[in-house]
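User: I would like to learn how to read a protein model, feature by feature. Could you take me through one?

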Amino acid sequence: MKKILIVEDDAIAAVSLQMEVKRWGHECHTLSSGEAAIQWATKERPDVILMDVNLGGVKDGVEIALEIDALFRCPILFLSGYPKSEIDSRYDANLPFQYLSKPINRPLLKSMVDELKD
């Protein structure tokens with residue numbers, strides 16, 4: 001069982017994704033703001049973070065992911081409608097970040113989460 005943090009500002013998408021992740025047998029917590037995600041992740045140390053890129057707030061998901069990575073290493077899967085090339089150009093390729101386009105392919109997401117070590 002993995003501890004997964006979902007950072008998604010669309011409440012319906014967040015609840016739907018949370019229900020799916022719990023169905024896979026993982027512990028799951030959902031937050032709607034990047035700033036709250038930094039605080040929670042620093043304290044709780046999730047095994048993986050599912051991060052929306054377009055968050056309502058001062059910072060977007062990529063900026064939040066970079067801040068979290070500076071505090072501790074955690075695999076982050078960006079969930080976005082933006083092109084992958086646009087997201088990839090904003091961070092170092094050596095960071096533990098991956099990308100999945102919206103709408104989310106749930107079987108592919110499960111496979112990506114399952115591949116990460118506990």
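This is a predicted model: local features need pLDDT of at least 70, side-chain atom pairs count only at pLDDT 80 or more; totals for chains, interfaces and linings use all residues.

User: How many residues does the largest nonpolar core have?

Analyst: Start with the general idea. In soluble globular proteins, nonpolar side chains tend to be buried together. A nonpolar core is a set of buried Ala, Val, Leu, Ile, Met, Phe, Trp, Tyr and Cys residues joined through side-chain atoms within 4.5 Å. Buried means under 20% relative accessible area, exposed means over 50%, and partly exposed lies in between (1.4 Å probe, protein chains only). Here the largest core has 24 residues. Leu 5, Ile 49, Met 51, Ile 68 and Phe 78 have the most contacts inside it.

User: Which elements give two or more residues to this core?

Analyst: Helices (H or I, at least four residues) and strands (E, at least two) are DSSP runs, numbered from the N terminus. The strands are E1 (3–7), E3 (48–52), E4 (76–80) and E5 (97–101). The helices are H2 (34–44) and H3 (61–71). A second, separate core has 16 residues, among them Leu 100, Leu 109, Met 112 and Val 113.

User: What is Leu 5 in contact with?

Analyst: Contact means heavy atoms within 4.5 Å. Set aside neighbours within four places in sequence. Leu 5 then meets His 29, Leu 31, Ala 37, Trp 40, Ala 41, Pro 46, Val 48, Ile 49 and Leu 50.

User: At what angle do the axes of H2 and H3 cross?

Analyst: Axes are lines fitted to C-alpha atoms, for helices over the stretch in contact, and angles run from 0 to 180 degrees between N-to-C directions. The axes of H2 and H3 cross at roughly 20° and come within 10 Å. H2 is therefore roughly parallel to H3. Angles under 35 degrees count as roughly parallel, over 145 as roughly antiparallel, 65 to 115 as roughly perpendicular, and the rest as oblique.

User: Is the crossing of H2 and H3 left-handed or right-handed?

Analyst: A crossing is left-handed if the near helix is turned anticlockwise from the far one by less than a right angle, and right-handed if clockwise. The crossing of H2 and H3 is right-handed.

User: Which residues of H2 and H3 meet?

Analyst: H2 brings Gly 34, Glu 35, Ala 37, Ile 38, Ala 41 and Thr 42. H3 brings Ile 64, Glu 67, Ile 68 and Leu 71. This contact holds six nonpolar, two polar and two charged residues. Ala, Val, Leu, Ile, Met, Phe, Trp, Tyr, Cys and Pro count as nonpolar, Asp, Glu, Lys and Arg as charged, and the others, Gly among them, as polar.

User: Which residues of H2 are buried?

Analyst: They are Gly 34, Ala 37, Ile 38, Trp 40 and Ala 41. Their cover includes E1, strand E2 (27–31), E3 and H3. Take Ile 38, with 14% relative accessibility. Beyond four places in sequence, Ile 38 touches Ile 64, Glu 67, Ile 68 and Leu 71.

User: Are Ser 80 and Lys 3 buried or exposed?

Analyst: Compare each value with the cut-off. Ser 80, in strand E4, is buried because its relative accessible area is 1%. Lys 3, in strand E1, counts as buried because its relative accessibility is 19%. Outside four places in sequence, contacts of Lys 3 include Glu 27, Glu 44 and Asp 47.

Terms used. Residues are numbered from 1 along each chain as its sequence is written. Side-chain values use heavy atoms; hydrogens and water are left out.
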